[in-house]
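Biologist: Please take one part of this model and go through it closely. I would like a single connected answer, with the cut-offs stated.

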Amino acid sequence: MALHFTAYAILTLEAEGRIRLSDDISAYLGPGEVVDLRGITIRQLLNHSHGLPEYWALKSLMGFTNEERFTTADADQLFTRKLNHLHPPGQRVFFSGTGAYLMARIIEKLTGDYFHAFTQSH
């Protein structure tokens with residue numbers, strides 16, 4: 001998923017009044033589903049100031065190589081583990097695919113559709 005498609009989809013949902021950029025993402029990705037994400041807003045995912053580590057690097061730590069298939073279920077497993085923030089949310093900008101991944105999951109939760117299907121239809 002490319003960040004610009006993800007950002008477009010999030011802004012589409014905001015324009016439809018279904019989300020606000022100031023929303024705490026834990027409202028969409030609830031407890032037990034992923035690591036404690038309270039205090040991180042959708043805006044912080046968009047501008048890479050969420051403070052979470054890059055999940056592609058974490059993928060390597062799980063033993064996956066770039067050549068291996070890495071599914072959404074595999075990625076979700078990363079967020080059931082204890083992830084330490086690199087810095088408090090909103091404090092620093094650190095480019096990361098983690099924000100795009102979490103936004104795609106939010107889009108799927110809100111729409112009840114796969115991310116790809118939502119972006120194709122919009």
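Biologist: Does Arg20 count as buried or exposed, and at what relative accessibility? Then please look closely at the contact of H1 with H5: which residues of the two helices make it?

Modeller: This is a predicted model, in which local features need pLDDT of at least 70 and side-chain atom pairs count only at pLDDT 80 or more, while totals for chains, interfaces and linings use all residues. Residues are numbered from 1 along each chain as its sequence is written, and side-chain values use heavy atoms, with hydrogens and water left out.

Arg20 counts as exposed, at 54% relative accessibility. Exposed means over 50% relative accessible area, buried means under 20%, and partly exposed is what lies in between, with a 1.4 Å probe and protein chains only. Arg20 sits in the loop between H1 and H2. Its C-alpha atom is 8.6 Å from that of Arg43, and the two residues are 23 apart along the chain.

The protein chain has six helices and zero strands, where helices (H or I, at least four residues) and strands (E, at least two) are DSSP runs numbered from the N terminus. The order of elements is therefore simply α-α-α-α-α-α from the N terminus on. Of the 122 residues in the protein chain, 46% are buried. Its accessible surface is about 6800 Å², with 53% belonging to carbon and sulfur atoms; such areas come from the Shrake-Rupley method with a 1.4 Å probe, and for residues only the protein chains shown count as cover. Among contacts in the protein chain with a separation of 6 or more, 65% join residues 24 or more positions apart, a contact being heavy atoms within 4.5 Å.

Now the pair itself. Helix H1 covers residues 3–15 and helix H5 residues 98–111; their axes come within 10 Å and cross at roughly 40 degrees. Axes here are lines fitted to C-alpha atoms, for helices over the stretch in contact, and angles run from 0 to 180 degrees between N-to-C directions. H1 and H5 are therefore oblique to each other, since angles under 35 degrees count as roughly parallel, over 145 as roughly antiparallel, 65 to 115 as roughly perpendicular and the rest as oblique. The crossing of H1 past H5 is left-handed, that is, the near helix is turned anticlockwise from the far one by less than a right angle; clockwise would be right-handed.

From H1 the contact takes in Leu3, Thr6, Ala9, Ile10 and Leu13, and from H5 it takes in Ala100, Met103, Ala104, Ile107, Leu110 and Thr111. By class these are nine nonpolar, two polar and no charged residues. Ala, Val, Leu, Ile, Met, Phe, Trp, Tyr, Cys and Pro count as nonpolar, Asp, Glu, Lys and Arg as charged, and the others, Gly among them, as polar.

Leaving out residues up to four places away in sequence, Ile107 touches Thr6, Ala9, Ile10, Leu13, Gly112, Phe115 and Phe118.

Thr12 lies in helix H1 and, apart from neighbours within four places in sequence, is in contact with Phe118 and His122. Thr12 is buried because its relative accessible area is 13%.
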